[in-house]
Amino acid sequence: GVPQSYKEAAVWYRMAADQGHADAQFDLGAMYAQGLGMTKSDKEAAVWFRNAADQGNAGAQCNLGNLYFNEEGEAQNFKKALVWFRKAADQGTIQAQVNLGDMYARGQGVAQSYKTARIWFRKAADQGNADAQCSLGIMCFEGLSVPQNFKEALVWHRKAADQGHANSQFLLGQMYEEGQGV
């Protein structure tokens, strides 16, 4: 084997990325984003994520959406974040699905819609994402886009809580204390 070296990995990723290799572009972007083997640079990360995203790399699409959403290396732009999250979510990227659910629930870059938020949360929740499960639990509990349903809220919070999701554990405690859905 070879000794672990972020600097050496970056050299090889750069060679492949310069030739248009999408996975290498994604990995190089991630190394810039985290400062692994090089100086951290959100601007450089954005360049490499965009190159990979334009080739359909779902991870790069999600990360580019995050950069736009969080104003890291790019000016904050919810509409652009939404576009990149949607591309990644359509390829099954769980975090992009959660991010879309959050954006629709909050009306960030898009008209607020609990109904659409619920669709995206459900896609991620069905793949086991605890954040999405918690969000669905809250929506069921509050009656957002669906009739209020404590029992369904309990089911979603239990799924998230069983994965160690602190907010769902707290909300389950409240539900048991109040006798709601239990």
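Me: Why does F78 count as partly exposed?

Reply: In this predicted model, where local features need pLDDT of at least 70, side-chain atom pairs count only at pLDDT 80 or more and totals for chains, interfaces and linings use all residues, F78 has a relative accessibility of 24%; buried means under 20% relative accessible area, exposed over 50% and partly exposed in between (1.4 Å probe, protein chains only), so F78 counts as partly exposed. Residues are numbered from 1 along each chain as its sequence is written, and side-chain values use heavy atoms, with hydrogens and water left out.

Me: What makes F69 buried?

Reply: The relative accessible area of F69 is 19%, so this residue is buried.

Me: Why is the pair of F26 and F49 called tilted?

Reply: Rings of Phe, Tyr and Trp (its six-membered ring) pair if their centres lie within 6.5 Å, and planes under 30 degrees apart count as stacked, over 60 as edge-to-face and the rest as tilted; the centres of F26 and F49 are 5.8 Å apart with planes at 40°, so this pair is tilted. The pair links distant parts of the chain, with F26 in helix α2 and F49 in helix α3, 23 residues apart.

Me: How do you know that K159 lies over the face of W156?

Reply: A charge sits over a ring if NZ of Lys or CZ of Arg is within 6 Å of the ring centre and within 35 degrees of the ring normal; K159 lies over the face of W156 at 4.9 Å from the ring centre, and K123 lies over the face of W120 at 5.4 Å from the ring centre.

Notes
Helix = DSSP H or I, 4+ residues; strand = E, 2+ residues; numbered from the N terminus.
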